[in-house]
Amino acid sequence: MLPSARVDLNDLGSIVDWLIGQWWVWVILGVVVLFFLVIWIMPAAKVKPSEAYSTDDRDANEIALGFLQIVNQPSVPWNDPTASALSESDKKRLVDMWGVATRDEWLAGIERLVSGRRRRDVWVTCLAIRAELAGRLGRVPKTKEWTAAIIEAGGDKRDARSFVAAIEGVEAQVRKLVGKDIVTPDVYVRSLDGYALGQAVALATWGVALGHAEVPEARAIIHRINEEGRPAFSSWADFGLSYITGRVMHWSDGVIGEKTFDKFGDGWSEFKAAATAKRNGPWASLPWRIG
Amino acid sequence: MNEGHRSAEPRNAEPIRVDLSPLRTSPGMRALLGYERAADIPLRRRFFVVLTGVLLLTAAIVVALWWLGTIGMLTRVPLLGVFGVFYGVLGAVGFVWYAVGLSRRTRLAMFAWTNGWAYADLLTGTRRPGSAFARMRRSIERGVVASDDERIPFELGVAHSVGSRDQSATVQRPFAFIELPLPAKVPHMVLRNRRRSIVPTLGLGGARMDLEGHFASTFQLLVPEGYQRDALYIFTPDLMVRILDLGSGAELELVEDRAYVYLPGSTRFDRPDVMQRTVQLAEELHRRFAVRTGAYRDESTGPIERPEGVAIGLGGQRLGGQGVSLLAVAGVSAAMILSAGVTAFALFGGAMLRSGG
């Protein structure tokens, strides 16, 4: 071991030699390597449902539409229509955040989400143009094709470019993080309704926890949300992509910066868990089409 | 004291009575403290907490100045005394500013609650579709009054652009607004005030229509291309006369199913005469727009430009582009000129001074 007096601070080689000779440097390095090894080897956490309720019948399938919202902020078992795991502070926060102190406010909140769906006409129209173009071409339209179609329909050139870039950017991020095996290349954003519909299902379960309704009424509301909302999507992946993109677009007002996805697109990890069979993800086992 | 005005619609035979008396009296300390509790104002922004803070600051300044005087520092560096007095005066002026604002909002809240309307001291993230709101990255609204009476549904308040930890504030002067719901969605239209514009229209697309008669000197109508006739149907001369009655700084915008009247940020809704004019205008505009826009249909577009559930074709939904504020352009230009001047002086200033003498 080199005594510290012999370390020449102007010579990098001398400093490295000295560091190599120190036992505590090896201890720190070992702990860091071990930490990353454990994280790498450790299996990802499994999705934990409530044992009191089914996970494979029609009721479970319908409530699974709200998975991304139910397991996120505040997190409770996805198949519990009573949201019984909510703490008192969670409930207070939900009442403040959603303005659902009374049963009427709760019902109005669900109605607003189901009928209004946080839609903005410009976005709805541009996405409808993309879907129509995809139908004609038989494939997902390229950036230039979609932008040109928006401009041809009367849209502003600059606005069209920024909207297309925003949607395609979020779509690419979700595909990369969730996996191309789940969000396959033929799945693309055609609607942003997924976010409002997922929230509506979650709000229905929170209403039971807040004492605004009993389970049968919440189930009936969730059934209605599925009946009205599900036909517009083709798969769980299609719905999940719509939810995440809708969330990012809503909270960013369509202005996507460097940190926007990190801030509002954090639901991608729950999306991945929901769609992974090894992690007990309900979307991996439940069929999209309900008989 | 009750004051009312009668709607012209037969179905609205019952007069709308608005009690303006809370706006005529100054709220006492009890009313002020009651307002703070009812409006759920955070502790750090409450009257006595702010007052305590200002008094503590003043006491600290006085003690510091006294101590500096005893050790003879004030006689050696008298500028320290100037600093102390400056911060003391700044604190006092700031407190008076805050107290006056609080008192005005208390009056407004009393007025709203007396008339059975909703009131919010501060709102964030309202996401109103109006152009002046949409361009602000982050905004707050103060003193928001909302009526859900179907004869006169409106919201009013004052919007401010604020910065966040990550981003600076969008350059946008504070403005007062009145929001009215429309019975149907309409094309985006802005009745721009030529003298004092609140909606930043520089760089906005669409057609610019010059109006006839004396309105041309005050207003310019911005509408998406192809919707000029629709605009003339909605913006009748008598409607513009009513907007002019509000004062020289008023502007009007129709977007989606909302109408916005924009007024200067200094508009005092807590004054009885201003509030009475505002309520009358809100009722009148609501009635006129119901007639003029209720049956509006965009017949000019097909299913591609206007998919199911969307009332207006893509070209008519929004005036294209982002409006730029003249204030921002002037600010950036001034900063660039100043920066260029400083750079030029740094490079050639010495030579210029030498050659000058």
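Colleague: What volume does the second largest cavity have?

Modeller: About 40 Å³. This is a predicted model, where local features need pLDDT of at least 70, side-chain atom pairs count only at pLDDT 80 or more, and totals for chains, interfaces and linings use all residues. Residues are numbered from 1 along each chain as its sequence is written, chains are lettered from A and ligands numbered from 1 in the order in which they are written, and side-chain values use heavy atoms, with hydrogens and water left out.

Colleague: What counts as a cavity or a pocket here?

Modeller: Both come from a 1 Å grid over the protein atoms alone. A cavity is a set of points where a 1.4 Å probe fits but cannot get out. A pocket is an open set with protein on both sides within 12 Å along at least five of seven lines. Lining residues have an atom within 4 Å of a point. Points are joined across faces, edges and corners, and the volume is the space filled by probe spheres set on them.

Colleague: How many cavities of 30 Å³ or more are there?

Modeller: Two.

Colleague: Back to the second largest cavity. Which residues line it?

Modeller: A:Asp121 from chain A, plus B:Lys185, B:Val186, B:Glu256, B:Ile312 and B:Gln317 from chain B. By class, that lining has two nonpolar, one polar and three charged residues. Ala, Val, Leu, Ile, Met, Phe, Trp, Tyr, Cys and Pro count as nonpolar, Asp, Glu, Lys and Arg as charged, and the others, Gly among them, as polar.

Colleague: On to pockets. Where does the second largest pocket lie?

Modeller: Between domain 1 (23-113) and domain 2 (118-324) of chain B, because both give residues to its lining. Those bounds come from an automatic or database domain assignment. The pocket volume is about 640 Å³.

Colleague: Which residues lie nearest its centre?

Modeller: B:Gly101, B:Arg104, B:Arg105, B:Arg142 and B:His160, out of 21 lining residues. Nine of the lining residues are nonpolar, six polar and six charged.

Colleague: And which element gives the most to that lining?

Modeller: α5(B), with eight residues. α5 (79-114), β4 (139-147) and β5 (154-161) of chain B each supply at least two. Helices (H or I, at least four residues) and strands (E, at least two) are DSSP runs, numbered from the N terminus.

Colleague: New topic. Which residues have the most contacts inside the largest nonpolar core?

Modeller: A:Trp78, A:Val174, A:Ile225, A:Phe271 and A:Trp283, in a core of 74 residues. Helix α10 (residues 193-209) of chain A gives the most, with ten. A core is a set of buried Ala, Val, Leu, Ile, Met, Phe, Trp, Tyr and Cys residues joined through side-chain atoms within 4.5 Å. Buried means under 20% relative accessible area, exposed over 50%, partly exposed in between (1.4 Å probe, protein chains only).

Colleague: What does A:Ile225 touch?

Modeller: Among others, A:Leu65, A:Leu197 and A:Val201, not counting residues up to four places away in sequence.

Colleague: Last one. Is A:Ala83 buried or exposed?

Modeller: Buried, at 1% relative accessibility. A:Ala83 also has a positive phi of about 45° although it is not a glycine.

Note on methods: Contact = heavy atoms within 4.5 Å.
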